[in-house]
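Please examine the model shown below, together with its sequence. The explanation after it moves from the overall fold to the side chains.

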Amino acid sequence: MIFASGRRGNDVPERLVTEPMKSGMRFNIFAALFGVYYYAYRRMYLEAVWLLIVCILLVLIPYVGGWLPVLLFGFAFYPLYRKRAEKLADDAASCNQDINTCLREKGGASAAALLIAFGITAVVVTLIVFIDIYR
């Protein structure tokens, strides 16, 4: 498997690393603390939606809903991210352009997705508040 590292916009060159990503049981504190927002920021949109649905269902279980979603988001991040990175690397290998260009376009983080997730949250919370006020 390959993945690119380096930053855009400064003199750090992009480089390809052919070492496998570390596997095993790992916990991501940012995914645990920020949940769906962190997954959206990492461009893992489908995973964010599915984990959100699971967490909503877990909240319905008494005495479990508070801490279990946090653990789920934290421990699920690395296996899901690894799967996504492997898929992106395979797609980039078959790309007609330069492999670094393909990886830059498809991978990375998305501040726009983070802002959209915050916007959706604000709209949903506003609707819930207005529904509750006018009920």
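The paragraphs that follow treat the fold, the aromatic pairs, one proline, the nonpolar surface and the salt bridges.

The model is predicted: local features need pLDDT of at least 70, side-chain atom pairs count only at pLDDT 80 or more, and totals for chains, interfaces and linings use all residues. Residues are numbered from 1 along each chain as its sequence is written, and side-chain values use heavy atoms, with hydrogens and water left out.

The secondary structure of the chain consists of six helices and two strands. Helices (H or I, at least four residues) and strands (E, at least two) are DSSP runs, numbered from the N terminus. Read from the N terminus, the order of the elements is β-β-α-α-α-α-α-α. Of the 135 residues in the chain, 26% are buried; here buried means under 20% relative accessible area, exposed means over 50%, and partly exposed lies in between (1.4 Å probe, protein chains only). A contact requires heavy atoms within 4.5 Å. Among contacts between residues at least 6 apart in sequence, 56% join residues at least 24 apart.

The aromatic side chains come next. Rings of Phe, Tyr and Trp (its six-membered ring) pair if their centres lie within 6.5 Å; planes under 30 degrees apart count as stacked, over 60 as edge-to-face and the rest as tilted. The structure contains 10 aromatic pairs. In one of them, the ring centres of Tyr-39 and Phe-77 are 5.5 Å apart and the planes stand at 80°, so the pair is edge-to-face. Because Tyr-39 belongs to helix H2 (residues 36-41) and Phe-77 to helix H4 (residues 68-93), the pair ties together parts that are 38 residues apart in sequence. Both Tyr-39 and Phe-77 are buried. Another pair is formed by Phe-130 and Tyr-134, whose ring centres are 6.2 Å apart with planes at 15°, so this pair is stacked. Phe-130 is partly exposed, at 42% relative accessibility, whereas Tyr-134 is exposed, at 66%.

Tyr-39 and Phe-77 also belong to one aromatic cluster, together with Phe-30, Tyr-38, Tyr-41, Phe-73, Tyr-78 and Tyr-81. A charged side chain meets this cluster at Tyr-78: Arg-26 lies over the face of that ring, at 4.0 Å from the ring centre. A charge sits over a ring if NZ of Lys or CZ of Arg is within 6 Å of the ring centre and within 35 degrees of the ring normal.

Pro-69 is a further residue of helix H4. Its relative accessibility is 9%, so Pro-69 counts as buried. Leaving aside residues up to four places away in sequence, Pro-69 touches Cys-55, Leu-58 and Val-64. The C-alpha atoms of Pro-69 and Leu-51, 18 residues apart along the chain, are separated by 8.5 Å.

On the surface, Met-25, Phe-27, Ile-29, Phe-30, Leu-33, Phe-34, Trp-67, Leu-71 and Phe-75 form a nonpolar patch with about 960 Å² of accessible area together. Patches are made of residues with over 30% relative accessible area and no salt bridge; like charges are joined within 9 Å, and nonpolar side chains (Val, Leu, Ile, Met, Phe, Trp, Tyr) within 5 Å. Helix H1 (29-34) and H4 are the elements that give two or more residues to the patch, and H1 gives the most, with four. Phe-30 is placed in helix H1 and is partly exposed at 47% relative accessibility.

Side chains of opposite charge can pair when their charged atoms come close. A salt bridge is a side-chain nitrogen of Lys or Arg within 4 Å of a carboxyl oxygen of Asp or Glu, and the whole structure has two. One joins Arg-82 and Glu-86, at 3.2 Å from N to O. Both residues lie in helix H4, four residues apart, about one turn of the helix. Arg-82 is partly exposed at 24%, and Glu-86 is partly exposed at 29%. Another salt bridge joins Asp-91 and Lys-87, at 3.1 Å from N to O. Since Asp-91 and Lys-87 are four residues apart in helix H4, about one helical turn separates them. Asp-91 counts as partly exposed at 33% relative accessibility, while Lys-87 counts as exposed at 52%.

Key:
Areas by Shrake-Rupley, 256 points an atom, 1.4 Å probe, with all protein chains shown as cover.
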